[in-house]
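These are my notebook entries on the structure shown below. I looked up salt bridges, the surroundings of the ligand and a surface patch.

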Amino acid sequence: MNAPAAFAPLADLSADFPGMVTHDGKPWHYLDTAATAQKPRAVIDAMARALGEDYATVHRGVYSRSAEMTLAYEAARRRVARFLGGLEEEVVFTRGATEAINLVAQTWGRANLRPGDRILLSQLEHHSNIVPWQMIAAETGAAIDVCPLTDDQRIDLDAAEAMLSEAHKLVAFAHVSNVTGSVLDGARAGQLAHRIGAKLLLDGCQSAPHMGVNVSELACDFYVFSAHKLYGPTGIGALWAKAELLEAMPPWQGGGAMIDRVTFARTTYAPPPQRFEAGTPAITEAIALAAAVEYVDAIGRERIHAHEAALVARLRRELGMMNDVRLFGPEDSAGIVSFALDDIHPHDLGTILDEANVAIRAGHHCAQPLMDYLGVTATARASFGLYSSEADIDALIAGIARTRRIFGKG
Ligand SMILES: Cc1ncc(COP(=O)(O)O)c(C=O)c1O
């Protein structure tokens, strides 16, 4: 995605977010949206209604409240499908992106991977898009290859092209890196994978909240995301997969709701997506996720992207002028800026910033192989959301100056 042509600040939306003030009522400069997003009142209210006056189970009840709840739960699935540009029968609700990737690894992976097969991951993946593949590779005898990065820490698709062979059955890449914010050219990644008959899984945790996503334009086979990073609740996310792939995938967890008929002699399974949703689902969370998607789409994902890109550009410009700052990632990062100060550990910076009501993330960001590649143990990470503003950047820059003074470096 290209950087926006002009700075297009969104109206101040912080009033929609009760979490955006400190407990003593001061503005909170929340710069950790890549970890989890604050929730708008519309989502909180939708969840409260679903847990309160609308509450009942789904799929089983013969009484009207349960029938209504079933309609609302399935409407949430349709809403998520529309958000992604897919079909409702292609959306499986999971506990989040991590569970969605594990689901693909344990079902599609177990059914399709054989000794000698290969999986291509990249150097910048979140542990959630590494460990499930290591586990299934150990079980099936498949091997994992790691695609290197470009100088500005994007997944190097030229290198991927050179590495891919007929032995590769799956390419699993982050659509947007949670550390560098680099955006993958999903369409090209899809072409490269499909050319040699492999499937493409995109980890959309950091793309779904920050930019427009359309799974058919991306040419992926699997796309996963977590609701809590998209202004929705924890405990829910989704796997989108092409219908014919889901149809051919064996079930994963067994239990109620995923069956067609159970006898002790033989059990048959429901069609997808129910086949992959064993047990009572996260009903209220699904409804609140639909409210989050509604909220985001009402603002517009392209506008959100433009707003965050402008904030990224300003923060990178300011940090780039500091001699003691090492900046990671490309200029056109999707809402995420990782950096390190010479001689001041990111954890110390994060702790001192907290005293000024500035919340950043410091650590390895569940991407230890990327930290090894960058030659650091941790970075500081500021990540924006649709409620972020120039004032947050001002507070961060002032906080960095204060940290330097405290360490006698200013
Ligand atoms: C790129 C990426 N992938 C996967 C995950 C895992 O998401 P969750 O913990 O919500 O399953 C995250 C969360 O930080 C992420 O940023």
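Entry 1. I began with Arg 314 and Glu 318, which both belong to helix α10 (residues 301-320) and stand four residues apart, about one turn of the helix. I note that the model is a predicted one. The two side chains form a salt bridge, and their closest N and O atoms are 2.9 Å apart. I then looked up the exposure of each partner. Arg 314 has 12% relative accessibility and counts as buried, because the cut-off for buried is under 20%. Glu 318, with a relative accessible area of 22%, is partly exposed.

Entry 2. I asked how many salt bridges the structure holds. The count is 25. I examined Glu 294 and Arg 79, whose closest N and O atoms lie 2.7 Å apart in a salt bridge. Glu 294 sits in helix α9 (residues 283-299) and Arg 79 in helix α2 (residues 64-84), so this pair ties together parts that are 215 residues apart in sequence. Is Arg 79 buried or exposed? I found Arg 79 to be buried, at a relative accessible area of 9%, whereas Glu 294 counts as partly exposed at 42% relative accessibility.

I next recorded the salt bridge between the side chains of Glu 355 and Arg 402, at 3.0 Å from N to O. This pair links distant parts of the chain, with Glu 355 in helix α11 (residues 346-355) and Arg 402 in helix α13 (residues 390-406), 47 residues apart. Glu 355 counts as exposed at 54% relative accessibility.

**Entry 3. The ligand.** I asked which residues are around the ligand. I listed Ala 97, Thr 98, His 126, Ser 128, Asn 178, Asp 203, Cys 205, Gln 206, Ser 226, His 228 and Lys 229. I then looked up individual distances to oxygen atoms of the ligand. In the side chain of His 228, an N or O atom is 2.7 Å from a ligand oxygen. For Gln 206, a polar side-chain atom lies 2.8 Å from an oxygen atom of the ligand. Ala 97 instead uses its backbone, with an N or O atom 3.5 Å from a ligand oxygen. The ligand taken alone exposes 390 Å², of which the protein buries 84%.

**Entry 4. Cys 205.** I followed one of the residues around the ligand, Cys 205. I located Cys 205 in the loop between β6 (199-203) and α7 (215-218). Its relative accessibility is 11%, and Cys 205 therefore counts as buried. Beyond its neighbours within four places in sequence, Cys 205 is in contact with Ala 97, Val 224, Phe 225, Ser 226 and Lys 229. I also checked Ala 174, which is 31 residues from Cys 205 in sequence and 8.0 Å away in space, C-alpha to C-alpha.

**Entry 5. A surface patch.** I asked which residues form a nonpolar patch on the surface. The members are Ile 259, Val 262 and Tyr 269, which together have about 250 Å² of accessible area. I placed Ile 259 in strand β9 (residues 259-262). Ile 259 is partly exposed, at a relative accessible area of 30%.

Methods. Residues are numbered from 1 along each chain as its sequence is written. This is a predicted model: local features need pLDDT of at least 70, side-chain atom pairs count only at pLDDT 80 or more; totals for chains, interfaces and linings use all residues. Side-chain values use heavy atoms; hydrogens and water are left out. Patches are made of residues with over 30% relative accessible area and no salt bridge: like charges are joined within 9 Å, nonpolar side chains (Val, Leu, Ile, Met, Phe, Trp, Tyr) within 5 Å. Accessible areas come from the Shrake-Rupley method with a 1.4 Å probe; for residues, only the protein chains shown count as cover. A salt bridge is a side-chain nitrogen of Lys or Arg within 4 Å of a carboxyl oxygen of Asp or Glu. Helices (H or I, at least four residues) and strands (E, at least two) are DSSP runs, numbered from the N terminus. Buried means under 20% relative accessible area, exposed over 50%, partly exposed in between (1.4 Å probe, protein chains only). Contact means heavy atoms within 4.5 Å. A residue is near a molecule or strand if one of its heavy atoms lies within 4 Å of it. A polar contact is a pair of N or O atoms within 3.5 Å; within protein, one must be able to donate a hydrogen and the other to accept it, and residues adjacent in sequence count only if both atoms are side-chain atoms.
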